Amino acid sequence: MYRYIIRRLIAMPLLLLGIVSIAFLLTHFTKGDPLISIIGERQMDNPIVVAAARARWGLDRSLPEQYLIYIGNLLTGDFGTSLRTKQGVGVDLLQRLPATLELVVAAMLVGSLVGVTLGVVAAHYRDRAADHFARLFALFGSSVPVFWSGLILLFVFWYTLGILPGPGRLDTRTMAPPDVTGFYTLDSLMAGNLSVFAESVAHLILPACVLGWAVMGIISRQVRASMLDVLNQDYILAARAKGASEPRVLVNHALRNALIPTLTIVGFSFAYLITGAVLSEAIFRWPGMGSYAVDAARNLDYPAIMGVTIVGGTAFLLTNLVTDIAYAFVDPRIRFR
Amino acid sequence: MQSPDAPLLEIRGLEVTFAAARGRLEAIRGVDLEARSGETLGLVGESGCGKSVTMLAVMGLLPPSVQIRGSIRFRGMELAGRPQKELAKLRGASIGMIFQDPMTALNPVLTIGAQIAEAIRIHDATVSARVAAGRAVDMLKLVTIPYPERRALQYPHELSGGMRQRAMIAMAMANEPELLIADEPTTALDVTVQAQIIELLRRLQATHRMGLVLISHDLGIVAGSADRVAIMYAGRIVERGAVEDIFDRPRHPYTRGLLASLPKIDGQATRLTAIEGSPPSLTARPSGCAFHPRCRHAVELCAAQEPALRDIAGIDVACHRAELVADSVAAPSATAELPSRPNATA
Amino acid sequence: MAETASPRPTFVRPRWATAPVTAGAFLVLFWVGVALTVQWWPIDNPVAFVGTRLAPPSVTHWLGTDALGRDVVSRTLHGAQYSLPVALAVIVSAVAIGATLGAISGFLGGLADSAVMRLVDITLSFPAIMLAMAVTASLGPGLWHAAIAMIIVSWPNYARLMRAQVLAVKEREHVEAAVAAGASAPRTLIAHILPLCWSPILVNATMDFGQVVLLVASLSFIGLGASPPTPEWGQMISEGAQKFYQWWIAFGPGMAILSVALGFNFLGDGLRDILDPRTQ
């Protein structure tokens with residue numbers, strides 16, 4: 001198993017380098033002049049700004065040297081300065097990270113719990129009504145544009161029915177809890193403020209469900225397929241021959257095996273969640289990296305766009321790595337080799 | 001050794017029909033069988049003849065879409081038509097079953113010990129995890145696995161084929177069942193290991209006074225360990241009786257064919273005589289006797305009417321021409337080459 | 001009318017023509033038809049002011065009007081003329097590039113294979129939308145720049161698929177036979193290996209169609225794709241988001257995207273069932 005993990009770890013830096021290189025290439029080919037991607041078109045006439053950018057990013061040097069400077073800057077956390085907020089992009093992203101993280105974790109929980117349940121139900125009631133319903137529900141989730149479902153569901157549940165709160169992490173007049181983790185749910189609990197906790201959870205429900213709906217699809221599809229595969233195996237028959245009840249067979253035996261390949265899908269679905277966050281944070285006025293990315297895109301804030309891309313790619317790589325390592329631990333056939 | 005008067009397992013008129021896209025498939029068409037405590041019943045036939053399906057029907061492990069008719073009595077209690085909940089109480093406790101391929105029949109992500117302990121705790125919820133784990137180790141000792149404490153913590157893929165099969169036997173024996181069904185227990189194993197497993201099963205049967213149903217397509221295995229044997233063909237029993245009688249003087253052409261096709265180690269090297277043709281598929285059964293297209297002795301009656309089992313000198317045979325077959329030259333080498341049966345234990 | 005002796009042939013529904021597949025085919029055909037013909041339909045001009053602004057759904061305007069007084073239904077239907085052709089161009093190009101690289105990579109192996117696979121891995125390290133955003137921003141906003149970005153994002157998957165297929169088919173006997181009979185490398189690849197590799201690509205491409213339409217709409221939604229007054233679905237939803245209380249503005253284009261994605265998903269599923277049972 002360790003050999004497997006080490007192999008994966010070794011591949012990481014190369015992929016990271018690849019991500020960064022692509023970002024570098026993109027900045028260089030932005031409308032022909034890399035300077036534009038650093039200071040924006042409007043500042044091109046300002047000689048002081050231009051000179052400062054040239055120095056910081058080594059734009060008067062050869063391409064390979066610029067590449068090295070670029071990587072060097074990244075390693076020190078210098079992602080460039082946002083054209084819009086005038087702050088370092090790195091600083092901006094750090095500020096916005098917890099909000100998105102809280103949303104993505106919540107969405108992952110919702111998506112996987114419901115997704116796994118749907119998958120088990122679909123496999124158990126194969127080809128019957130429950131199976132068709134589960135698959136249809138999941139399919140809708142992957143076909144519907146997340147920014148639209150967010151809108152519609154907000155309209156229905158907040159504006160029309162009034163059972164869920166509106167956009168934002170908290171009600172407009174509520175103060176955020178003291179910042180420890182940046183997760184309003186955890187921070188309010190730690191501060192002992194239960195009403196803020198309840199409020200932050202309530203505000204999480206709709207965005208988490210909307211985002212989670214997208215991944216429910218791929219997770220339930222995988223769980224269903226794995227379950228059907230597993231339920232055909234002899235050890236399921238042997239478990240029944242032991243006198244195991246149907247629930248026990250489904251969970252202890254079937255699901256335990258079916259979840260192993262599902263783990264990979266869970267990691268992969270993280271990409272969907274990032275996508276979803278980018279597209280839906282704006283709708284829910286969620287102050288995370290997603291809405292930051294959208295603002296950056298709308299304003300052609302190139303440093304911010306590149307920064308977000310690098311961070312997004314890195315995050316995705318990391319989750320895949322973690323998933324692969326977890327997979328190695330969970331499957332005893334790999335663990336003891 | 002005396003068998004008690006009433007058989008442990010009594011199957012009467014069992015019919016099993018599968019509903020498939022192509023139509024209804026009659027897998028089992030009228031099977032009568034008996035298994036007794038302390039006795040081994042061998043169930044022999046080629047793949048697809050229905051021997052596994054018969055035992056799965058006994059255990060109630062066939063899918064719900066399958067139609068079962070007939071009577072299956074265990075200890076006098078009718079099993080056919082019972083709700084799954086009640087059958088589950090018997091499975092793994094009073095009736096145990098082991099399967100052909102221990103690699104696929106053991107859950108790959110649970111330790112051996114955990115799987116055996118589960119068998120115990122399913123049927124007795126009062127047993128604590130630690131006690132169950134201890135009993136699991138005891139079971140591994142019973143099936144003579146060396147270093148049982150260590151093995152109990154290992155996963156199936158870490159054991160050899162023979163050990164896996166022993167572990168599966170341990171799992172099936174965990175609650176000391178009265179009846180053990182062994183579905184091709186040696187087929188997936190090396191020849192040397194096969195003998196060990198059969199020996200283990202016989203020892204367990206003796207010490208626990210179990211009824212044992214041994215399903216196999218390997219006549220050699222059955223000859224060496226069964227007391228009674230039933231030969232199945234195309235979903236029906238075609239010959240049934242004490243093992244010595246049948247192997248000495250087989251009366252059904254199919255049985256004779258099976259015995260003749262056994263390779264003989266001593267004696268002259270002759271061509272293997274195969275039975276011509278192949279077993280019929282479920283959807284295209286011949287009329288009358290299912291074996292008649294492949295039978296040397298077949299006449300018009302055989303194609304017209306399916307023969308019922310009738311008693312001929314102590315053996316039940318389903319053949320219109322049984323007397324003729326019996327009187328034709330018996331294959332003398334068939335008996336000479338059988339592995340000698342050790343005395344039945346008291 | 002002549003007397004016919006033969007009975008009318010009974011229509012036997014093939015096994016794969018399940019309800020979802022039929023529904024999918026219907027949806028796809030509908031939207032393709034719209035994309036091809038809507039310019040001749042007797043409906044309102046999608047870019048012209050035709051009624052009161054922000055009017056709710058009524059008999060004359062089934063989905064009401066938007067902020068500039070344009071009929072929502074008409075704009076929705078016309079949107080098909082942007083989303084569908086763009087998606088088609090993206091998929092065809094991505095398949096062409098990806099399948100070619102994947103086939104060469106799988107066939108030749110060695111350095112070429114490693115290089116292509118590295119590129120694939122790196123490209124797939126990004127969540128699609130982020131890379132698409134970055135590329136589109138670099139090129140400058142616009143529908144066709146967004147298309148290029150999506151081609152860049154989509155080709156790796158097809159490369160991987162094709163490579164896997166080629167690797168599997170390469171080992172088959174008829175290929176060995178062809179090589180032994182003296183077929184040149186390109187001929188072996190093209191005539192003997194490739195014909196067997198298409199079905200997973202086809203299935204994936206069909207199902208991808210919906211995802212590409214979604215991605216186009218997403219890029220337009222965040223302002224990097226189509227710009228007003230183009231009646232592109234993502235762009236329309238963006239406008240609809242600004243007019244939250246006038247739900248009908250976003251409803252039309254959203255349903256359009258949903259139905260297109262569903263249609264292609266169902267169709268792809270059905271395609272998979274048709275192509276699967278045949279041994280490759």
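Why does B:Gln165 count as buried? With 31 C-beta neighbours inside 10 Å, B:Gln165 counts as buried, a residue being buried if 20 or more other C-beta atoms lie within 10 Å of its own, exposed if 12 or fewer, and partly exposed in between, with C-beta atoms placed from the backbone.

## Basis of the description

The structure is a predicted model, in which local features need pLDDT of at least 70 and side-chain atom pairs count only at pLDDT 80 or more, while totals for chains, interfaces and linings use all residues. Residues are numbered from 1 along each chain as its sequence is written, and chains are lettered from A and ligands numbered from 1 in the order in which they are written.

B:Gln165 is part of helix 7 (residues 161-173) of chain B. Helices (H or I, at least four residues) and strands (E, at least two) are DSSP runs, numbered from the N terminus.

Apart from its neighbours within four places in sequence, B:Gln165 is in contact with B:Pro102, B:Pro185, B:Leu189 and B:Ile197. Two residues are in contact if their C-beta atoms, placed from the backbone, lie within 7 Å. A separation of 9.9 Å lies between the C-alpha atoms of B:Gln165 and B:Gln194, which are 29 residues apart along the chain.

## The sheet of chain B

Chain B contains an open sheet of eight strands in the order 6-7-8-3-9-10-12-11, with mixed pairing. Two strands pair if DSSP finds at least two bridges between them. Strand 6 (95-98) and strand 11 (310-312) of chain B are the edge strands, each pairing on one side only. From one strand to the next, the twist averages 20 degrees. Helix 1 (residues 51-59) of chain B lies across strand 3, strand 6, strand 7 (179-183), strand 8 (211-216) and strand 9 of chain B, and runs at about 145 degrees to strand 8 of chain B. Axes are lines fitted to C-alpha atoms, for helices over the stretch in contact, and angles run from 0 to 180 degrees between N-to-C directions.

Strand 9 (residues 228-233) of chain B is mostly covered, with six of its six residues buried. In a regular strand the side chains alternate between the two faces of the sheet. In strand 9 of chain B, B:Arg228, B:Ala230 and B:Met232 point one way, whereas B:Val229, B:Ile231 and B:Tyr233 point the other way. Strand 3 (residues 40-44) of chain B runs parallel to strand 9 of chain B and is joined to it by four bridges; B:Leu43 has B:Ala230 as its bridge partner, and B:Val44 stands opposite B:Ile231. Strand 10 (residues 236-242) of chain B runs antiparallel to strand 9 of chain B, with six bridges between them. Here B:Ile237 is the bridge partner of B:Met232. The hairpin of strand 9 and strand 10 of chain B has two residues between the strands, and B:Ala234 takes a positive phi near 50 degrees in that hairpin.

## Chain A and its partners

In chain A, 17 residues are in contact with 24 residues of chain B. Helix 10 (234-241), helix 11 (246-280) and helix 14 (332-335) of chain A are the elements that give two or more residues to this side, and helix 10 of chain A gives the most, with six residues. By class, this side of chain A has seven nonpolar, five polar and five charged residues. Ala, Val, Leu, Ile, Met, Phe, Trp, Tyr, Cys and Pro count as nonpolar, Asp, Glu, Lys and Arg as charged, and the others, Gly among them, as polar.

Of the two pairs of chains that touch, chains A and C have the most contacts. There, 38 residues of chain A are in contact with 34 residues of chain C. Helix 13 of chain A supplies the largest share of the side that touches chain C, nine residues. That side of chain A has 29 nonpolar, seven polar and two charged residues. No contact joins chain B and chain C, and their closest C-alpha atoms lie 11 Å apart.

## Two helices

Helix 11 of chain A spans only 40 Å between its end C-alpha atoms, whereas a straight helix of 35 residues would span 51 Å at 1.5 Å a residue. The expected span is 1.5 Å times one less than the number of residues. Helix 11 of chain A has a kink of about 45 degrees, centred on A:Leu255, the bend at a residue being the angle between axes fitted to the seven residues ending there and the seven starting there.

Chain C has 10 helices and zero strands. Helix 10 (residues 248-275) of chain C is largely enclosed by the rest of the structure, because 21 of its 28 residues are buried.
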